[in-house]
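Here is a short briefing for a first look at this structure.

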Amino acid sequence: MAVGIGRTIAGSDMGDMGEMMRQAAAEDPRIRWLKPLVIGLSIVFFGGLLLLVVLIATGAHLKRTPAPVAPPTAIADRSITLPKNSRVTDVLASGNRILLRVRLADGSERLYALDGASLQPLGSVTIQVEK
């Protein structure tokens, strides 16, 4: 029993050992599915890696086109007449609507809804507190 470089304990070459393992694996039905699985997963892995490299190299992640923006339109001067001794407490904007919250002199509040594009008044709601 000689032990040397490239030799097994039995004295045969390492190539013979690999051949014996391949034959044993080919005969064993429990691991027959392993080779196609490894080959398939390797193809998927390297295909994905190749796709990633191609997308980065071509700059595909940088080619997003921004959404078209409508040019700003001129808004005419508009005015809203508030009752005497009242003041605007809040201005809220949501989507294409503007909401003004106004505190009136008697302590009640009024909400004015405006169109965001034209600033036309859409309506108002008075909120009164019960006394």
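## Val91 and the salt bridges

Val91 sits in strand S1, which covers residues 87-94. The model is predicted. By the salt-bridge rule, the count comes to 4.

- Is Val91 buried or exposed? Val91 counts as exposed, because its relative accessibility is 55% and the cut-off for exposed is over 50%.
- Which residues does Val91 touch, leaving out those up to four places away in sequence? They are Ile98, Leu99 and Leu100.
- Val102 lies 11 residues from Val91 along the chain. The C-alpha atoms of Val91 and Val102 are separated by 9.0 Å.

- Asp90 and Arg101 meet through their side chains in a salt bridge, at 3.2 Å from N to O. This pair links distant parts of the chain: Asp90 belongs to strand S1, and Arg101 to strand S2 (residues 97-103). The two residues are 11 residues apart.
- Asp90 is partly exposed, with a relative accessible area of 30%. Arg101 is partly exposed too, with a value of 33%.
- Arg97 and Asp115 also join their side chains in a salt bridge, at 3.1 Å from N to O. Here the link runs between distant parts of the chain, from Arg97 in strand S2 to Asp115 in strand S3 (residues 109-115). Arg97 and Asp115 are 18 residues apart.
- Arg97 is partly exposed, with a relative accessible area of 45%. Asp115 is buried, because its relative accessible area is 15% and buried means under 20%.

- What distance, N to O, goes with the salt bridge of Arg103 and Glu109? The value is 2.9 Å, and the side chains of Arg103 and Glu109 are the parts that meet.
- Arg103 counts as partly exposed, at 33% relative accessibility.
- Glu109 is buried, with a relative accessible area of 11%. That value falls under the 20% cut-off, so Glu109 is counted as buried.
- Which residues are linked in a network of salt bridges? The members are Asp90, Arg101, Arg103 and Glu109.

Terms used:
Residues are numbered from 1 along each chain as its sequence is written. This is a predicted model: local features need pLDDT of at least 70, side-chain atom pairs count only at pLDDT 80 or more; totals for chains, interfaces and linings use all residues. Side-chain values use heavy atoms; hydrogens and water are left out. Helices (H or I, at least four residues) and strands (E, at least two) are DSSP runs, numbered from the N terminus. Buried means under 20% relative accessible area, exposed over 50%, partly exposed in between (1.4 Å probe, protein chains only). Contact means heavy atoms within 4.5 Å.
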